[in-house]
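Please keep the 3D view open as you read.

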Amino acid sequence: MAGMPSIAVTGSSGLIGSALVLALRAEGHRVVRLVRHEPSRPDEARWDPSGRAQELTAAAIDGCDAVVHLAGAGVGDRRWTAHYKRVLRDSRVLGTAAIAAAIASLDTPPRTLVCGSAIGWYGDTGDRAVDETAPRGSGFLADLAVEWEESARPAEAAGVRTVFARTGLVVARGGGAWGRLFPVFRAGLGGRLGDGRQYWSAISLRDEVAALRFLLDEAHGLSGPVNLTGPEPVTNREVTRVMGRVLRRPAVFAVPAPVLRVALGEFSEDVLGSQRVLPRRLLDAGFTFEHPTVEDAVRAALG
């Protein structure tokens with residue numbers, strides 16, 4: 001990334017964003033952290049995720065060579081009420097539209113936009129393995145991901161290389177869905193969810209950050225959708241065995257599907273759904289995973 005010394009990042013306080021900022025700075029890049037509040041540090045610049053103050057966002061990214069857009073409300077943070085589904089949608093669609101419009105408005109826009117997305121785009125794939133050539137799925141998350149990516153079109157129309165990083169489950173202790181699993185399994189209360197036959201497509205936090213840096217590198221020439229998942233998706237039943245083995249705890253409990261539906265509401269369909277997603281374009285472009293298996297990723301998360 002020798003030609004991209006200045007990179008703006010939204011969502012820089014989140015699990016992935018904070019790790020990415022550290023990695024980019026370690027490489028010597030200037031990082032501009034886009035924030036919604038009044039800047040309190042020299043590396044911060046204010047942006048408006050609602051899109052109402054386009055000039056504010058444009059000023060924040062002006063002079064940057066690339067933008068990594070990761071901001072968005074947590075999918076599993078709250079029960080999916082009608083209100084929270086609107087929050088999930090607006091935080092992604094309006095925020096991405098604001099970034100894309102600001103980029104397109106600049107006389108010299110950034111050369112690259114890496115826009116966060118999700119493997120929810122594919123819907124429930126059952127035991128069928130899919131890559132970036134697969135058609136869109138159905139359901140709330142699939143519809144959201146489609147609209148999310150579509151909102152970045154102004155940047156593409158302005159000639160900016162735009163990559164959609166369709167991320168799976170990130171294996172980390174410090175946050176995200178997997179961060180909630182570790183204390184449960186450490187307590188010996190872990191177990192499969194539903195029948196455990198649903199596929200989980202996971203990626204270690206280190207590989208996620210490395211993949212984002214890979215996408216930023218213009219030399220690889222990637223644009224459009226790229227799956228950020230490990231190369232060996234496994235079932236929830238296998239994840240349960242791995243977690244129990246690595247943590248040396250029994251993992252005999254199971255949460256029946258009806259209980260999950262009562263506890264989680266509509267979000268349970270995503271938990272019980274199966275997504276067997278392969279990172280075909282990353283592999284074809286020469287990316288090497290440091291943690292190719294779920295067990296590798298779990299052990300890496302533990303230090």
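Are helix 8 and helix 12 parallel or oblique to each other? Before the answer, a word on what you are looking at: this is a predicted model, in which local features need pLDDT of at least 70 and side-chain atom pairs count only at pLDDT 80 or more, while totals for chains, interfaces and linings use all residues. Residues are numbered from 1 along each chain as its sequence is written, and side-chain values use heavy atoms, with hydrogens and water left out.

Now to the two helices. The axes of helix 8 (residues 236–247) and helix 12 (residues 294–301) come within 10 Å and cross at roughly 40°. Here helices (H or I, at least four residues) and strands (E, at least two) are DSSP runs, numbered from the N terminus. Axes are lines fitted to C-alpha atoms, for helices over the stretch in contact, and angles run from 0 to 180 degrees between N-to-C directions. Angles under 35 degrees count as roughly parallel, over 145 as roughly antiparallel, 65 to 115 as roughly perpendicular and the rest as oblique, and helix 8 and helix 12 are therefore oblique to each other. On the helix 8 side, V239, V242, M243, R245 and V246 meet V294, E295, V298 and R299 of helix 12, where contact means heavy atoms within 4.5 Å.

T235 is found in strand 13 (residues 234–235). With a relative accessible area of 19%, T235 is buried; buried means under 20%, exposed over 50% and partly exposed in between (1.4 Å probe, protein chains only). Leaving aside neighbours within four places in sequence, T235 is in contact with G196, R197, Q198 and Y199. R248 belongs to the loop between helix 8 and strand 14 (253–255). R248 counts as exposed because its relative accessibility is 75%, and it has a positive phi of about 55° although it is not a glycine.

Next, the aromatic rings. A search of the whole structure finds five aromatic pairs. Rings of Phe, Tyr and Trp (its six-membered ring) pair if their centres lie within 6.5 Å; planes under 30 degrees apart count as stacked, over 60 as edge-to-face and the rest as tilted. One of the pairs is W80 with F140, edge-to-face at 5.1 Å centre to centre and 65° between the planes. This pair links distant parts of the chain, 60 residues apart: W80 is in the loop between strand 4 (66–69) and helix 3 (82–105), and F140 is in helix 4 (residues 140–150). Both W80 and F140 are buried.

F287 and F289 also pair edge-to-face, 4.9 Å centre to centre with 90° between the planes. F287 lies in the loop between helix 11 (280–284) and helix 12. F287 is buried at 8% relative accessible area, and F289 counts as buried at 10%. Together with F214, F287 and F289 form one aromatic cluster. Not counting residues up to four places away in sequence, F287 touches D207, A210, A211, F214 and L282. F287 and L215 are 72 residues apart in sequence, yet 9.7 Å apart in space, C-alpha to C-alpha.
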